[in-house]
Each structure stands twice: as structure tokens, then as C-alpha cells.
Amino acid sequence: PGTALLAASQSLARGRVAHRLFEVLPALPSDRQQDAAQRLIAGEADMPADTGQQIVSDVMRVMAMPELAALFGHDALAEVSVSGVVAGNGVAGQIDRLHVGPDRVLIADFKTGPMPPTAPPAYIRQLALYAALLEQIYPDHQIVTWLVWTEATAVQEITETARADALTALVSAA
């Protein structure tokens with residue numbers, strides 16, 4: 001049990017640090033990002049140096065992905081709190097990165113663990129709820145939802161159909 005608890009704690013720490021880097025670094029000029037990342041990692045006394053460096057490397061690779069450029073642009077938002085009602089249920093959450101364009105809303109949720117072959121149902125449900133909330137605000141926009149796997153440097157789109165299925169299952173279970 002102690003080993004499992006330690007592994008879970010380390011996994012949470014990795015996720016927390018990666019999310020903090022994704023929040024802070026895009027607001028900085030690119031020539032200052034690496035130094036800022038190193039300072040942030042240096043403040044993690046309980047994190048092994050090699051783990052910290054791997055997180056920085058993963059985050060920098062993801063931020064360099066051309067398909068994610070809008071999410072890291074000057075007009076994107078980080079750690080956006082959302083709340084509202086979806087299908088009669090109260091919903092509250094926090095979107096990791098959000099970009100609202102003229103006709104499209106991008107929602108990204110970062111995952112720091114290994115990428116599974118298919119998206120876990122809980123993650124699909126989470127993005128379905130976020131999308132449903134934002135559809136109420138931006139009814140004339142296309143809503144695009146992505147799971148961004150930092151370790152794999154990969155984007156997994158959660159389609160509108162998958163989101164609709166997740167919401168149907170959620171309402172049926174209630």
C-alpha cells in the first residue's frame with residue numbers, strides 16, 4: 001500500500017507541475033520560457049531532478065506542436081473555471097487551456113500519464129460537460145475538445161459524437 005500511495009502522490013505532483021508550466025510559460029516570451037521552467041522545477045524540493053527535467057521537456061514539446069498554437073497564443077486562457085447546468089445537473093470544473101476564435105472554441109485537457117489506446121470514459125465525460133457548458137455561451141461556434149497527452153506528445157480529439165454519447169449515458173444513469 002505504501003508503494004501505491006507514493007506512486008499516486010508522485011503522479012499528482014507531476015501533473016500539478018506540468019499544469020503550472022502550461023499556465024505560466026505561454027505568457028512569457030519564448031526566450032524566457034526555459035529559464036522560468038527551470039526556476040519552477042527548482043522549487044520542487046521533493047521532485048527528483050531528472051523527473052523535473054522530463055516534465056519540462058514534455059511541456060516544451062507539447063507547446064511546440066503546430067496544431068496547438070492557438071491554445072498557447074496571447075489570446076488563449078489558462079485554468080478557466082466553468083460552471084452551469086447541463087441536462088438539469090449542476091456542473092463545475094476547470095478547463096486547462098481555452099481558445100475562443102471567431103467561429104471555433106478549443107478546449108484542451110492535459111494528461112501527464114501514459115496515453116491509453118482509447119480515451120477513458122471519465123475523460124470523455126469531463127470534456128463533454130465542458131463542451132456542453134460552452135455551447136450555451138457560444139451557440140454559433142464549433143466546439144473542439146482535445147485530450148493532450150504530454151508524455152506521448154499527442155492530441156486525442158474527443159468528437160462531438162463521443163461527447164453526445166457520454167452525455168446520454170450520464171443522463172440515463174441519473
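Colleague: Why does Asp-109 count as buried?

Modeller: Asp-109 has 3% relative accessibility. Buried means under 20% relative accessible area, exposed over 50%, and partly exposed in between, with a 1.4 Å probe and protein chains only. So Asp-109 counts as buried. This is a predicted model, in which local features need pLDDT of at least 70 and side-chain atom pairs pLDDT 80 or more, while totals for chains, interfaces and linings use all residues. Residues are numbered from 1 along each chain as its sequence is written, and side-chain values use heavy atoms, leaving out hydrogens and water.

Colleague: What makes the meeting of Lys-111 and Asp-109 a salt bridge?

Modeller: The N to O distance is 2.6 Å. A salt bridge needs a side-chain nitrogen of Lys or Arg within 4 Å of a carboxyl oxygen of Asp or Glu, so the pair qualifies. Lys-111 is buried too, with a relative accessible area of 12%.

Colleague: How do you know that the charged end of Lys-111 sits over the ring of Tyr-123?

Modeller: It lies 3.8 Å from the ring centre. The rule asks for NZ of Lys or CZ of Arg within 6 Å of the centre and within 35 degrees of the ring normal.

Colleague: Why does Asp-96 have no salt bridge?

Modeller: The nearest side chain of opposite charge, Lys-111, is 5.9 Å away. Lys and Arg count as positive, Asp and Glu as negative; His and the chain ends are not counted.

Colleague: What does the side chain of Asp-96 make with the side chain of His-19?

Modeller: A polar contact, at 2.9 Å. That term covers N or O atoms within 3.5 Å; within protein, one must be able to donate a hydrogen and the other to accept it, and residues adjacent in sequence count only if both atoms are side-chain atoms.

Colleague: Why is the aromatic pair of Phe-72 and Phe-110 called stacked?

Modeller: The centres are 6.2 Å apart, with 15° between the planes. Rings of Phe, Tyr and Trp (its six-membered ring) pair if their centres lie within 6.5 Å; planes under 30 degrees apart are stacked, over 60 edge-to-face, the rest tilted. So the pair is stacked. Both Phe-72 and Phe-110 are buried. Ring pairs link Phe-22, Phe-72 and Phe-110 into a cluster.

Colleague: What makes Glu-135 partly exposed?

Modeller: Its relative accessibility is 36%. Glu-135 forms a salt bridge with Arg-163, the closest N and O atoms being 4.0 Å apart. Arg-163 is buried, at 4%.
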